[in-house]
Amino acid sequence: MGTDTTPDSAERADSADTADTGRDLADSRRVAERLRETDGLADVTVTVRDGVAELQGVVLAPEDRERAAQVVEQQPGITRVDNRVMLSTRISDRIGTASTLALDKIVRLVATLPLLIVAMLVVALAWSLGKWLGRRFGQRIQRRNWQSENPYFASLVQQLVQWLVLLGGILVALDLLGATALVGAVMGSAGVIGLALGFAFKDIAENYVAGVLLSIRRPFAPGDSLRIDGSHEGKVAALTPRATVLVTFDGNRLTLPNALVFKSVVLNFSSNARRRLDFTIPVDVAESIRCVHDLALSAIRGVDGVLADPGPSWTVDAYDASAITLRFFAWVDQRSSDLGKVRSEAIHSVRTRLAEAGVNTPRVIQYAATLPEESSPAGAAERAVQAPAAEEAAADTSVNRDLDEHIAAEQQAHANEDLLPVEPEASPPHTAP
């Protein structure tokens, strides 16, 4: 069979081509009319061939180029878009576009100015309301006497309430401005940034959290004498969000990270007002132990600052061929007496009492020599007995105040960030160990 080349078939083919061409022209006109009606796309031309739309022309912004393709794709009969639209590179066009965008943003800002003012008023109102609510919560905590147990707890609750209310006000303001999507983006970014900062500033965050926990648990108070980690000793001056500030017994500032203090063994010498002192006295092996301890305990009881309940006590600390070492104990109220001074006075009183009774100290080596009368052992014993008698009236066992000025200066320096503020009724700093 051969191919049909009759005049009728040729005419039908020409008619089909003419119909397709007419349809393409109609589609081109329709699409071009739709582009002219769209802002910024008036210079874009379109040619449609068998459902494929070819776009050419110049636009001012990349958004216009994308919008032209979207407009054409939405037209019926278009199966594919060949986007050959170019961006204008003329300086006048770029300046005109920038001016139009700036003017449009200014107009939008002026249009949203009332909402912006309302949003700012909402944030300001939330700030004031947060301060008021925080103050009320703080006062309620104080009325329940929690403040006396933890001075920082009320301040912590007050700040937490204040910032939560402020955060709620900011969210409401952003919702008024139609920026709820921004809120989600900011919160997501804040989470990622917070995670990164948490790893980068782990030590700083650890010290801050430890400071808050120390202020809540209150293992020590301003002026307490501490031994931290077995080697750091001093009196508490301040507890900042990052470090615990001590004043050593030499008068120096000692700053310890809160994380170290929180994780270390802390020995608080001031937690109990009563504290025990001890000292040893060696005597000759020929002396009567019971006689010596009776004399010593009697002398200790007479020392100013030694408590009667619990009373002084003793024990044999060591014994060898040359000496018997007795250890004596006594209790002191640190609020009214200094431990070191009372201990010194107790040793002095026991030594004097034993010398008066003729109790001999250990003698390992003896020397025979002729001494002047005033230098003889009898004269020395007499001076040992008589000289202290004149000193008894001047005995001072009061609380040691040497470090008070240093502690007050450190507290003043850290007054704005101290998590353990000194209360007006606070007792004076306790004695040193």
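With which residue does Arg335 form a salt bridge? In this predicted model, the partner of Arg335 is Asp333, and the closest N and O atoms of the pair are 3.1 Å apart. Arg335 counts as exposed because its relative accessibility is 54%, whereas Asp333, at 15%, counts as buried.

**Salt bridges**
- The structure holds five salt bridges, and one network, joined through shared partners, consists of Asp278, Asp317 and Arg327.
- Arg327 and Asp278 meet through their side chains at 2.5 Å, N to O; Arg327 lies in strand 13 and Asp278 in strand 11, so this pair ties together parts that are 49 residues apart in sequence.
- Arg327, at 22% relative accessibility, counts as partly exposed, and Asp278, at 29%, also counts as partly exposed.
- Glu206 forms a salt bridge with Lys263, with 3.3 Å between the closest N and O atoms; because Glu206 is in helix 8 and Lys263 in helix 9, the pair ties together parts that are 57 residues apart in sequence.

**Nonpolar cores**
- The largest nonpolar core has 22 residues, and those with the most contacts inside it are Phe279, Phe328 and Val350.
- Two or more residues of this core come from each of strand 11, helix 10, strand 13 and helix 11.
- Beyond its neighbours within four places in sequence, Phe328 is in contact with residues including Leu277, Phe279, His293 and Trp314.

**Surface patch**
- Leu115, Val118, Val172, Leu176 and Leu177 form a nonpolar patch on the surface, together having about 370 Å² of accessible area.
- Val118 belongs to helix 4 and, at 38% relative accessibility, counts as partly exposed.

How values were computed. Residues are numbered from 1 along each chain as its sequence is written. This is a predicted model: local features need pLDDT of at least 70, side-chain atom pairs count only at pLDDT 80 or more; totals for chains, interfaces and linings use all residues. Side-chain values use heavy atoms; hydrogens and water are left out. A nonpolar core is a set of buried Ala, Val, Leu, Ile, Met, Phe, Trp, Tyr and Cys residues joined through side-chain atoms within 4.5 Å. Buried means under 20% relative accessible area, exposed over 50%, partly exposed in between (1.4 Å probe, protein chains only). Helices (H or I, at least four residues) and strands (E, at least two) are DSSP runs, numbered from the N terminus. Contact means heavy atoms within 4.5 Å. Patches are made of residues with over 30% relative accessible area and no salt bridge: like charges are joined within 9 Å, nonpolar side chains (Val, Leu, Ile, Met, Phe, Trp, Tyr) within 5 Å. Accessible areas come from the Shrake-Rupley method with a 1.4 Å probe; for residues, only the protein chains shown count as cover. A salt bridge is a side-chain nitrogen of Lys or Arg within 4 Å of a carboxyl oxygen of Asp or Glu.
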